Amino acid sequence: EEAETYYLRGNAPQDAVKMYLTAGRLDRASKVASEHMVQSEVAMLYMKAAHELESSGKHKEAEKLYLFVQEPDLAINMYKKAHKYDDMIRLVSTFRKELLGE
């Protein structure tokens with residue numbers, strides 16, 4: 001958290017958020033982002049981080065970020081591409097019930 005202080009003093013809150021995302025601390029990343037960044041910047045930063053996590057196979061972490069920026073369809077598609085159908089159905093049943101057949 002000392003690094004966070006220096007990032008914020010240096011007017012670089014996005015770097016503090018990236019640091020926390022890399023460390024898997026979504027709670028701290030969210031707090032810093034909401035206090036020091038505009039929503040559009042947060043969304044872009046989280047989307048980029050989610051894509052990177054997805055590319056490296058860290059699907060659960062990527063899912064959290066997609067859902068945080070209210071993009072469940074991207075998380076659903078990620079699981080579909082990865083052939084993780086249980087996770088895909090879990091999200092569809094939560095966010096896109098209309099897509100489920102009877």
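These legends describe an overview and several close-up views of a predicted model.

The model is predicted: local features need pLDDT of at least 70, side-chain atom pairs count only at pLDDT 80 or more, and totals for chains, interfaces and linings use all residues. Residues are numbered from 1 along each chain as its sequence is written, and side-chain values use heavy atoms, with hydrogens and water left out.

**Figure 1. Overview of the protein, with 7 helices and 0 strands.**
Helices (H or I, at least four residues) and strands (E, at least two) are DSSP runs, numbered from the N terminus. Along the sequence the pattern reads α-α-α-α-α-α-α. The C-alpha trace spans about 55 × 25 × 15 Å along its principal axes. The protein has 102 residues, and 35% of them count as buried. Buried means under 20% relative accessible area, exposed over 50%, and partly exposed in between (1.4 Å probe, protein chains only). Take the contacts between residues at least 6 apart in sequence: 31% of these join residues at least 24 apart. Contact means heavy atoms within 4.5 Å.

**Figure 2. Packing of helix H1 on helix H2.**
H1 covers residues 2-9 and H2 covers residues 13-22. Their axes come within 7 Å and cross at roughly 155°. H1 is therefore roughly antiparallel to H2. Axes are lines fitted to C-alpha atoms, for helices over the stretch in contact, and angles run from 0 to 180 degrees between N-to-C directions. Angles under 35 degrees count as roughly parallel, over 145 as roughly antiparallel, 65 to 115 as roughly perpendicular and the rest as oblique. From H1, Ala3, Glu4, Tyr7 and Leu8 take part; from H2, Pro13, Asp15, Ala16, Met19 and Tyr20 meet them. By class, this contact has 7 nonpolar, no polar and 2 charged residues. Ala, Val, Leu, Ile, Met, Phe, Trp, Tyr, Cys and Pro count as nonpolar, Asp, Glu, Lys and Arg as charged, and the others, Gly among them, as polar.

Most residues other than glycine have a negative phi. Asn11 sits in the loop between H1 and H2. With a relative accessibility of 64%, Asn11 counts as exposed. The loop between helix H5 (59-68) and H6 holds Gln70. Gln70 is exposed at 68% relative accessibility.

Ala49 has a relative accessible area of 13%, so the residue is buried. Beyond its neighbours within four places in sequence, Ala49 contacts Leu21 and Leu65. Asp27 lies 22 residues from Ala49 in sequence, and the two C-alpha atoms are 15 Å apart.

**Figure 3. Packing of helix H6 on helix H7.**
H6 spans residues 72-81 and H7 spans residues 85-95. The axes are 8 Å apart, at an angle of about 155°. H6 is therefore roughly antiparallel to H7. The crossing of H6 and H7 is left-handed; that is, the near helix is turned anticlockwise from the far one by less than a right angle, whereas clockwise would be right-handed. H6 contributes Pro72, Ala75, Ile76, Tyr79 and Lys80 to the contact; H7 contributes Tyr85, Asp87, Met88, Arg90, Leu91, Val92 and Phe95. These residues divide into 9 nonpolar, no polar and 3 charged.

**Figure 4. Lys80 in helix H6.**
Lys80 is partly exposed, with a relative accessible area of 48%. Not counting residues up to four places away in sequence, Lys80 touches Tyr85 and Met88. Leu65 is 15 residues from Lys80 in sequence and 17 Å away in space, C-alpha to C-alpha.

**Figure 5. Polar contacts of Asp87 with Lys60 and Arg90.**
Asp87 belongs to helix H7. Its relative accessibility is 17%, so Asp87 counts as buried. The side chains of Asp87 and Lys60 are joined by a polar contact of 3.0 Å. A polar contact of 3.2 Å links the side chains of Asp87 and Arg90. A polar contact is a pair of N or O atoms within 3.5 Å; within protein, one must be able to donate a hydrogen and the other to accept it, and residues adjacent in sequence count only if both atoms are side-chain atoms. Setting aside residues up to four places away in sequence, Asp87 touches Lys60 and Tyr79.
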